[in-house]
Amino acid sequence: MKTIDFDQLKSGKKAAMARALAQVEREPDSRATLDLLNQAYREPQAQVIGITGPPGVGKSTLTNALIAQWRALGRTVGVIAVDPSSRRTGGALLGDRTRFTTNPDDQGIYVRSMAARDRLGGLAGLTVSGMVLMRAVYDVVLIETVGVGQSETDIVGVADTVLFCVQPGSGDSLQFIKAGIVEIPHIVAITKADMGAPARRAMADMKGALNLAGRMGNEPWDIPVLLLSSMRQQGVDDLVAAFDTHFEFLKANDFLNGARHTQARQWLEEAVREKFGRVGLGHVEGNLNISPADSPFERLYEISQAFQGRWGN
């Protein structure tokens with residue numbers, strides 16, 4: 001199959017993005033794939049937003065509403081929907097694309113489902129590569145996790161802005177204080193606000209949880225807690241405004257590039273550990289520092305070549 005280059009990817013066509021993602025899966029270590037990922041990494045244009053929260057909280061319904069709002073504003077959107085995996089096939093079990101009511105002829109929206117497989121962090125193995133490609137093409141990249149538990153907080157390592165969703169009446173807000181998940185969001189949304197009093201109680205509980213965790217009032221960014229109902233389109237415009245405000249805050253305070261550089265280094269360390277194990281990581285741990293201008297994909301390739309030269313056939 002013919003490879004795709006960065007200029008073709010930047011066309012914004014769905015077919016080009018689909019081919020690029022297929023190429024990354026099929027030939028992750030080829031020179032053509034590395035050149036594509038390197039250039040995409042160096043030319044980001046989108047805000048990357050992560051949506052996380054427990055299963056059943058309404059993440060997919062909210063994603064639908066956000067897509068509609070952004071498209072109405074004329075913004076292009078790339079979506080990575082991480083699904084639970086089928087134990088039989090290893091593929092995406094639910095197939096989020098079937099739950100999104102997007103126009104198949106709309107070239108300004110691209111949705112890709114990914115199977116979490118055996119990863120515990122709420123993301124798929126291809127998430128970072130897919131995010132980097134989409135980030136170079138669209139105005140917004142939205143990543144919907146498979147649903148968080150106590151350890152599933154990897155989304156903070158790939159998103160610029162993390163939205164944490166809480167369902168009224170679930171008792172989740174108190175549980176998440178103990179789980180430490182209140183440490184990751186930049187915005188909190190109480191879903192299903194049409195429930196009334198339970199939604200307002202959940203809002204008060206979450207504000208209390210954030211205060212206990214030291215996440216409100218002590219940092220440059222005060223975390224907004226919003227009430228919304230995706231089904232009724234209530235509060236979705238306020239949420240989009242909050243995303244915009246946080247992104248401008250990151251850029252104005254010079255936090256954005258630093259955070260993305262930290263994410264790249266963390267991804268590189270995890271990729272080396274996954275590929276070569278803890279022993280392999282120990283051999284290169286002192287050489288994992290990369291400059292903001294360096295691509296982590298190229299650095300991983302260099303480390304792989306060095307291992308192959310030392311221990312390969």
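What share of the 313 residues in the chain is buried? Buried residues make up 52% of the chain, where buried means under 20% relative accessible area with a 1.4 Å probe and protein chains only.

1. Basis. This is a predicted model, in which local features need pLDDT of at least 70, side-chain atom pairs count only at pLDDT 80 or more, and totals for chains, interfaces and linings use all residues. Residues are numbered from 1 along each chain as its sequence is written, and side-chain values use heavy atoms, with hydrogens and water left out.

2. Overall content. The chain holds 10 helices and seven strands; these are DSSP runs numbered from the N terminus, with helices being H or I of at least four residues and strands E of at least two. Of the contacts (heavy atoms within 4.5 Å) between residues at least 6 apart in sequence, 74% join residues at least 24 apart.

3. Strand 1. Six of the six residues of strand 1 (residues 47-52) are buried, so the strand is largely enclosed by the rest of the structure. Q47, I49 and I51 point one way, while V48, G50 and T52 point the other way.

4. Neighbours of strand 1. Two strands pair if DSSP finds at least two bridges between them. Strand 1 pairs with strand 4 (residues 140-144) in the parallel sense over five bridges, and Q47 has V140 as its bridge partner there. Strand 1 also runs parallel to strand 5 (residues 161-166), to which four bridges join it. In that pairing, G50 has V162 as its bridge partner, and T52 stands opposite F164.

5. Strand 5. Six of the six residues of strand 5 are buried, so this strand too is largely enclosed by the rest of the structure. T161, L163 and C165 lie on one side, and V162, F164 and V166 on the other. Strand 5 also pairs with strand 6 (residues 187-190), in the parallel sense and over four bridges; L163 stands opposite I187 in that strand.

6. Helices 2 and 5. The axes of helix 2 (residues 14-26) and helix 5 (residues 127-135) come within 10 Å and cross at roughly 150 degrees; axes are lines fitted to C-alpha atoms over the stretch in contact, and angles run from 0 to 180 degrees between N-to-C directions. That makes helix 2 roughly antiparallel to helix 5, a term for angles over 145 degrees.

7. Residues at the helix contact. M17, A20, L21 and V24 in helix 2 meet S129, G130, L133 and M134 in helix 5. The residues of this contact divide into six nonpolar, two polar and no charged; Ala, Val, Leu, Ile, Met, Phe, Trp, Tyr, Cys and Pro count as nonpolar, Asp, Glu, Lys and Arg as charged, and the others, Gly among them, as polar.

Definitions and conventions:
Buried < 20%, exposed > 50% of the residue type's maximum accessible area, 1.4 Å probe, protein only. Parallel < 35°, antiparallel > 145°, perpendicular 65-115°, else oblique.
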